[in-house]
Amino acid sequence: MNELLVPRSDLLGKIKPFYNDLDLVKVLTGMRRTGKSTLFELIKEDISNSLHLKDNHFLSINFEDIRWRSLPLEEIHEKILHFAQQQTPSFVFLDEVQNVDRWEIMVNSLRQHAIASIFITGSNSKLLSGELATHLSGRYVSFEVFPFSFKEFVLCNKGNSDLSINEIFNTYLTVGGMPAWAHGFSKRPFEAWQQYLSDLFDTIFVKDIISRRQIRDVELFKKVLRYLFDQTGHPISIASLTRYLKSEGRAPSKETLANFIEAACEAFIFEKMNFETEEGKRMLAFNHKFYINDHGLRQALFLSNQINIDQILENIVAIELRRRGWKVSIGRIASAQKPSKELEVDFIARKNNQTLYVQVAYLLANKETEEREFGALLSIPDNFPKVVLSLDPILRPQKGIEHQDLRQWLLSEW
């Protein structure tokens, strides 16, 4: 393995059962520059090693290469088909496939020939909800590729840094986990990182949102994004966003704001999480929280992650839960001591008939904070696991509720 490639074993473990499936298209989605193309290399290496295959069993096409994008769809289709007919088994990797018009028709046709295992990537969630779903209903399996987790961030600098885990975490807290920056972070100036992420944001902003959505009021859209970045981990509604923009001298329609938020989530800048109540797990539609897929983008836009450490720690845990395959919502429950008082549970995570309740805090610095974090979990009547995550040097579990070091939780096995 190339020494610069982080194994990403957790993610590969999810994809591996589908390597040889000719009927299911493997779809890797996620924000730009999160390592989808590199993951292709890891998958090819894993397949090659396990089946003892040479390179001629693999075909990789990057549709950001104009030489491929300029070809007629039928010609691309025939080239791929010709390759697959020459080798058994054969594996086809199509990178940033959304750059080709009518790509979904081509992919479905190739799948129906059932002579190659097909993998595709894309940087827009519409890949699944619209274009692909129409032509491949029930014939694909998707995996979202996130920026590096803290565990991966540590791993890719193993042996290259004399920093302690706590020092590395403080860096991760600021710069985030974009793979291109994570390697050798301690040897690069802070300004270079800020320039890289700022340029990356501009690329996502222009290529994946402005152009695709044909947004005309760019300045208004920038204000909406900045508000979402600033308010990460805080409840946001169209009404609260409207009030903020009104104070900025703007009065857009609710439909415009809803479309802007949807566009940002489609490009995987944010993960939207709903609130739910205790009664019948009813979802509340009027409020959401938005978490940044890479919290380093927030710092690159000159919003301090260290000053707003409570928000960023919550953001890191939210994305880590999603990375680990949990479906996540925000809980609102009645207090066990005062039923009329509503308490918030930071995260209710569900997966395979399991439920996990999580509270996140910087430090349990006083009795009031401790009661707030543990009190919400103590008010939940079921017996599913409950945990408080913080950076406290001394851990104080209560009445069956775990208290874990947030950094060690991030480093733990799934």
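The model is predicted, so local features need pLDDT of at least 70 and side-chain atom pairs count only at pLDDT 80 or more, while totals for chains, interfaces and linings use all residues. Residues are numbered from 1 along each chain as its sequence is written, and side-chain values use heavy atoms, with hydrogens and water left out.

First, the overall build. Along the principal axes, the C-alpha atoms fill a box of roughly 70 × 50 × 50 Å.

Next, the helix pair. Helix α12 (residues 238-247) and helix α13 (residues 254-266) have axes that come within 10 Å and cross at roughly 105 degrees. Axes here are lines fitted to C-alpha atoms, for helices over the stretch in contact, and angles run from 0 to 180 degrees between N-to-C directions. α12 and α13 are therefore roughly perpendicular to each other, a label for angles of 65 to 115 degrees; under 35 is roughly parallel, over 145 roughly antiparallel, and the rest oblique.

Which residues of α12 and α13 meet? From α12 they are Ile238, Leu241, Thr242 and Leu245, and from α13 Lys254, Leu257, Ala258 and Ile261, where contact means heavy atoms within 4.5 Å. This contact has six nonpolar residues, one polar and one charged.

Now the cavities. There are two of 30 Å³ or more. A cavity is a set of points on a 1 Å grid over the protein atoms alone where a 1.4 Å probe fits but cannot get out, and lining residues have an atom within 4 Å of a point.

The largest cavity holds about 70 Å³ of space. Its lining has 14 residues, and Tyr172, Asn293, His295, Ile319 and Arg323 are the closest to its centre. Helix α15 (residues 309-323) gives the largest share of this lining, five residues.

The second largest cavity has a volume of about 50 Å³. Its lining includes Ile80, Leu81, Val92 and His113, and α4 provides the largest share, three residues.

Technical notes. Helices (H or I, at least four residues) and strands (E, at least two) are DSSP runs, numbered from the N terminus. Ala, Val, Leu, Ile, Met, Phe, Trp, Tyr, Cys and Pro count as nonpolar, Asp, Glu, Lys and Arg as charged, and the others, Gly among them, as polar. On a 1 Å grid over the protein atoms alone, a cavity is a set of points where a 1.4 Å probe fits but cannot get out, and a pocket is an open set with protein on both sides within 12 Å along at least five of seven lines; lining residues have an atom within 4 Å of a point. Grid points are joined across faces, edges and corners, and a volume is the space filled by probe spheres set on the points.
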